[in-house]
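Dear colleague,

Please find below the sequence and structure that I am handing over to you. I should be grateful if you would look through them before reading my notes.

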Amino acid sequence: VMAEPVAAMCDQLTKAVLMMMDAETSQVDRMEALKFCEDFKESSTLCVPCGLRLADKTHPALVRHFGLQILEHVIKYRWNNMEQQEKVQLKECAMQLLSSGTCSIMEEERHIKDGLSRIIVEMIKREWPQNWPDMLEEMEALTSRGETQTELVMLILLRLAEDVITFQTLPSQRRRDIQQTLTQNMERIFTFLLTILRIQVEEYRIVAKAHCRVAVAVLNTLAGYIDWVSLVHITSGNCKLLEMLCLLLVEPELQLEASECLLIALSRKGKLEERKPFMLLFHDVAIHYILCAAQAVEMAERRYVFLKRLCQVLCALGFQLCSLVGSSVEVEVPANLGKYLEALFAFTTHSSQLLKSCTVSTWASLFRHETLSKVAVVREAAIKYLKAAMTNLVKTGFPSRNDSPSCEYSRIDFDNDQDFNFFFSSRSYRSQQGDIVRCVSRIVPLEGFQMAAEWLLYQIASPINPGDTMSKTVEGLCSILSPSVIQWDAATVLMECVSSQIMKSLEEEKLPIDQSMELLQAVLNYDTRDPLILSCVLSNISALFPFVIHRPQFLPQVLSKTTWTRSVKSVRRHACSSVIKICRDYPQFILPCFEMFYNDVKELFSSNTMLTYMEKGSLIESLVLISNQFKNFEKQKAFLDELMASVVAEWTSEEMRRSEFLSFVGADQAVAGNVEDTAGPNRSRLSFCLFAMLAVVKRAHWPSDLEEAKAGGFVRGYTPAGAPIYRNPCAEQFLAFLPNLLALIRTQNALLIPENVAHLSETFSRVFELMDGEKNVILGLPQHPLDFYDAPVYKSSLERMQRFFFSLYDNCFHVLGAAGPGLQQDFYTVEKLAEGLTDSAFSSLDHVPDHRLRPVLHILRDLLFSRHIWCLICGAIGDCIFSGEDEEQEPCQDIEVTQEMLEEELVRLITREVMDLLSELTCALTEEDMITDSVQVASSPPMDELTELGKCLMKHENIYLSLLTLAFTSLSWNDATNCHRTASMVCWTLLRQVVSGNLLAEAVAWFFTCVLRGLHVHGQHEVCNSALSNLAFQIYESLRPRYLELKGVMTQIPNISKEALDQYDKRLLNPSVHKAGEKKRKDQFKKLIAGTVGKALCQQFRKEVHIRNLPSLFKSPKPDVDIVATEPLGLSALFTPEDNAL
């Protein structure tokens, strides 16, 4: 009777499935077919017979797969409502499908095998081991029926491990039951797997691909278990499993899966004693096969994937070696260490740049290891590595080229040249290689310096080869991809790395002074007009400069070479940076040449050399650094007065003060074509004045030694606590500079008011928008031009004006920020400073765009020294910052996707900086303190958690209310990182200070509601959930006795148990009731507020699967009894024998 409706329904379902998958079907018909199939799965009583009928192997694969989906749906969503007989019948039918319901192993589709294994695993998750104790025996019996069934069993065991251990897709008790049963049977499972693997490999070597397919399935299943089973099972039988895996590394069809298993095993952590057997892999047989596999040369994509895995295996083996040798388990250095290093070196010298980068961390561990670094073969490997580095540091292998064997591999690893360039230059590759070279240079310093010197001399002697380049260079000059530049760049990196270590590793008498001076002389005498190579020359001069200390006669020549470098702007900027670095690191050594250097700078300033304001500022910065070595206040002040006289005079001139700003900088003028920019010099003057003052304020300083400071006249007095009060020799110049600086900041903020924006010319109407480069920085997009001459240049009038306003605004705040820590008392005692800052830096903030708020936040962080200033500033701007940040969290509408992403990311950055600033202002404890010392923090006096500035701010009601409002509002902002940091560090620290006061009931309820709202937004993240739950618990426990309103908030939580809430409240409010431990109370409270926790978007519309718990296998569940509420027992009752005693 049932056969006819089942057959008819199967025909309809077959037609619907084929219609859905037919490319010619219209969208309407496809949706109707899909709805029909889904409705059938949800409501039909014929699901099981139809599913079994459709899964028959006589149907097409698409139909069979849908039949298996129906059966899986029944098991997942209807199992709990099925009769026991129906369950048994379905299980028997499923086992019959396993036994004979599939095609042969080589013919069957992968998705059919996967669908069938899913059905069995879903039943196992619900019934094993309690109701299906013979499952493992049945699976073992199935393998005797042939390769097809053996592969299916492997898929079942693998999926079971993934669902239970990896993805944990079932309730905790069921997961625990299954995991414990698997663990109990693991020796049997591993023996079973290894036996099958051995048989299949032997058969595969003789004939059939089917055996190979089964062997692959066994290896994949092993990979699913090796990650979590006890190490005993992996290393049992003298590491029989690992040895077998090593043997399979030379089998082309199995080597990839075998290497995956080895990698997972060797990546395991645990007790050193348990990992000791891993050293057996250094024995002759295993290391021989690893070495053979590493040295085999063949270019095929699957083979290359295997090489990546094998490289990771070697690195993981090196990790185990470094952990065990020299440890408490007393493992000796393996005799075959040389062979291991040879295998690792095969990857270090491989053509693939990616494989080279994978070995770096292992070499670092070996060269830094206290025991291994002293072994002879490792020292020999260090010298070999240096030689290899001369090749590895050369940037070759661009995917678009064919000039290196690396190119073929790069085409597999990278999408384009930009990706490769980013990997090589900016990610970790070049810096990693440099770290290892520095590490090796500490082991063999003289050999390293000798190699670097020979390579550099070779480059000096070689003619320049610009190569065949399509770059935008002047004819005859190199591009960044020219052969000569690539070689010079690599040789420079090597010289920088080895020279920085040789000074630290050798005593003075052992240093190669003469050789280094000959090399430096050759570099100084090298003459080229190519800017890229000249940049490398400057880097080499900086790298060799430490040797000049031992030969002072070279100093004038070095300074002359760096100061008088004439080339393109970037090289002059590089030269300025080199001078700053030398003057910063060796000011005492440069001091005797100060007059010569000062005269050279004055000559440069007065000559017709086209120095930019940044270059001039850099030279001023270098002079100030040297002048700090005068250690005489009057002498340094006189020098700074002379140096800055023209700057201060121009800055305070009538022209600067009275000019209409937009006209002065040319922003109100329309520019078209090649019209001369008459306001350009005015912009340069403004920028130079700011940059020069920034250099002086940032670098001018008193001696660090108190006695030297007193002798030089830098100490003007002492605080009541006895701390010295210093005076800065640049204070006078800065104080003269300050009024116009504040006026300029106020003017720039005022320019953003709409009526002032209207005065901009049409050319510059978008001048206050973000530049493309800044947008890329905010969005995290890399900016690494392949060609030096392809770097962004501000060519249009609008771009130049945008850059000017951006740098001008930024530098204004940099100067203010540097003045606080640099001048200290001289700055903070300026009359009406707080009012001046409020009226300038914090004026018109309502009109300031988001990206301009970041410099404002930076100055606030720099002004943490002065509590008085901060209190005045906070009082003036607290509400403004709060309201601005709150409004920014509203979603943008009708904006392009990129612009919306930009604004959202910018808001996230700013709000995160605001909360970081708030944390620094108030919290004396760090995040680590909060985590590691939670008990002490909870019991410490409230005021001990605040900084001195925080204590001062909390005395002002309007300020601390703004801070509290900002902190609690931010909990529901769309930023989980900010939520966690604020909830764990800031909120309770601030609220705790005022808990004992008379807070309004509405305010307390609002604070608590903010926390619950944060749980709704971020509760799906475990870290945020924990922090917010703890915060809610602290607030409720502390304030519920005084504020009934908190219970009113709790009653609004969805699905809360009113009885449980009343019981919790009763225990909290009744002092006579003994309270449970804090952990238990927290767990109870967390259950009460569970209804507020929001779901992730991906989980909100997902149909829930309910898996019932089965009777426990291992122990009776503890009765959920409140110990406090039970009748008291006498001591005698504890020892009274009972019938149910053990």
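The mean pLDDT of the protein is 86, and 89% of its residues reach 70 or more. Two stretches call for caution. Over residues 787-794 the pLDDT stays under 50, and the model gives this stretch 21 contacts beyond four places in sequence. Residues 1120-1142 also have a pLDDT below 50, with three contacts in the model beyond near neighbours in sequence. Where pLDDT is low, the predicted coordinates should not be read in detail.

As to the overall make-up, the secondary structure comprises 57 helices and two strands. The protein has 1142 residues, of which 50% are buried.

How many disulfides does the structure hold? The number is zero. Cysteine 478 illustrates the point: the closest cysteine sulfur, in cysteine 536, is 9.9 Å from its own sulfur, which is too far for a bond, because a disulfide requires the two sulfur atoms to be within 2.5 Å. Cysteine 478 is also buried, with a relative accessible area of 0%. Cysteine 583 is buried as well, its relative accessible area being 1%; the cut-off for buried is under 20%.

With kind regards

Methods:
Residues numbered from 1 in each chain as written. Predicted model: local features only at pLDDT ≥ 70, side-chain atom pairs only at ≥ 80, totals over all residues. Heavy atoms only, no water. Buried < 20%, exposed > 50% of the residue type's maximum accessible area, 1.4 Å probe, protein only. pLDDT = per-residue confidence, 0-100. Contact = heavy atoms within 4.5 Å. Helix = DSSP H or I, 4+ residues; strand = E, 2+ residues; numbered from the N terminus.
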